[in-house]
Amino acid sequence: MNISARQIDAFLALAAQRSFTRAAAQCHLSQPAFSALIRALEDDVGVRLFDRSTRHVDLTSAGENFLESARRIRAEMD
């Protein structure tokens, strides 16, 4: 598993914003590029981190568990 700081930041933004559009804007990425980044992260960790619908985005149980680790990793990088 090779997770980048950019993927961690994107994950944290999406977990907070619960919107691909708002999270992409926060990360200064286009929405398609942001979606690809999240998809690559999910492929890297081997689990789906978000449940998506046309109206909302929610963390899966695996996403909730990953959120704690992502926050800790981000804090250590800072």
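Predicted model: local features only at pLDDT ≥ 70, side-chain atom pairs only at ≥ 80, totals over all residues.
Visitor: What angle do H1 and H4 pack at, and how far apart are their axes?
Guide: Helix H1, residues 5-17, packs against helix H4, residues 61-77, at an angle of about 125°. Their axes are 10 Å apart.

Visitor: Left-handed or right-handed crossing?
Guide: H1 and H4 cross in a left-handed way.

Visitor: Which residues make the contact?
Guide: From H1 they are Ala5, Ile8, Asp9, Phe11, Leu12 and Ala15. From H4 they are Gly63, Phe66, Leu67, Ala70, Arg71, Ile73, Arg74 and Met77.

Visitor: How many of those are nonpolar, polar or charged?
Guide: In the contact of H1 with H4, 10 are nonpolar, 1 is polar and 3 are charged.

Visitor: Now H1 and H3. How do their axes cross?
Guide: The axes of H1 and H3 cross at roughly 105° and come within 9 Å. That makes H1 roughly perpendicular to H3.

Visitor: And which residues are in that contact?
Guide: H1 contributes Arg6, Gln7, Ala10, Phe11 and Leu14. H3 contributes Phe34, Leu37, Ile38, Ala40, Leu41 and Asp44. By class, the contact of H1 with H3 has 8 nonpolar residues, 1 polar and 2 charged.

Visitor: Why do you keep giving an angle and a distance?
Guide: Because two packed helices are described by the angle between their axes and the distance between those axes.

Visitor: Gln7 was in that list. Is Gln7 buried or exposed?
Guide: Gln7 counts as buried, because its relative accessibility is 6% and buried means under 20%. Gln7 sits in helix H1.

Visitor: What does Gln7 touch?
Guide: Setting aside neighbours within four places in sequence, Gln7 is in contact with Asn2, Leu37, Ala40, Leu41 and Asp44.

Visitor: New topic. How many aromatic pairs does the structure hold?
Guide: The structure holds 3 aromatic pairs. In one of them, the ring centres of Phe11 and Phe50 are 5.3 Å apart and the planes are at 50°, so this pair is tilted.

Visitor: Where do Phe11 and Phe50 lie?
Guide: Phe11 is in helix H1 and Phe50 is in strand E1, residues 50-52, so the pair ties together parts 39 residues apart in sequence. Both Phe11 and Phe50 are buried.

Visitor: What about Phe20 and Phe34, how are their rings placed?
Guide: The ring centres of Phe20 and Phe34 are 5.9 Å apart with planes at 80°, so that pair is edge-to-face. Phe20 belongs to helix H2, residues 20-26, and Phe34 to helix H3, residues 31-45, so the pair ties together parts 14 residues apart in sequence. Phe20 and Phe34 are buried.

Visitor: Which residues form the aromatic cluster?
Guide: Phe11, Phe50 and Phe66 form one aromatic cluster. Phe11 and Phe66 also take part in the contact between H1 and H4.

Visitor: Let's stay with H2. Where is Ala23, and is it buried or exposed?
Guide: Ala23 is in helix H2. It is buried, with a relative accessible area of 0%.

Visitor: What is Ala23 in contact with?
Guide: Leaving aside neighbours within four places in sequence, Ala23 is in contact with Ala13, Leu14, Gln17 and Phe34. Ala23 and Ser35 are 9.8 Å apart in space, C-alpha to C-alpha, and 12 residues apart in sequence.

Visitor: And Thr21, buried or exposed?
Guide: Thr21, which is also found in helix H2, counts as exposed at 58% relative accessibility.

Visitor: Where is Arg18, then?
Guide: Arg18 lies in the loop between H1 and H2. Arg18 is partly exposed, with a relative accessible area of 32%.

Visitor: And what about phi of His28?
Guide: His28 has a positive phi of about 60° and is not a glycine either. It is in the loop between H2 and H3, and it is exposed, with a relative accessible area of 73%.

Conventions: Residues numbered from 1 in each chain as written. Heavy atoms only, no water. Axes fitted to C-alpha atoms, helices over the stretch in contact; angles between N-to-C directions. Helix = DSSP H or I, 4+ residues; strand = E, 2+ residues; numbered from the N terminus. Left-handed = near helix turned anticlockwise from the far one by under 90°. Contact = heavy atoms within 4.5 Å. Nonpolar A, V, L, I, M, F, W, Y, C, P; charged D, E, K, R; others polar. Phe/Tyr/Trp six-rings, centres within 6.5 Å; stacked < 30°, edge-to-face > 60°. Buried < 20%, exposed > 50% of the residue type's maximum accessible area, 1.4 Å probe, protein only. Parallel < 35°, antiparallel > 145°, perpendicular 65-115°, else oblique.
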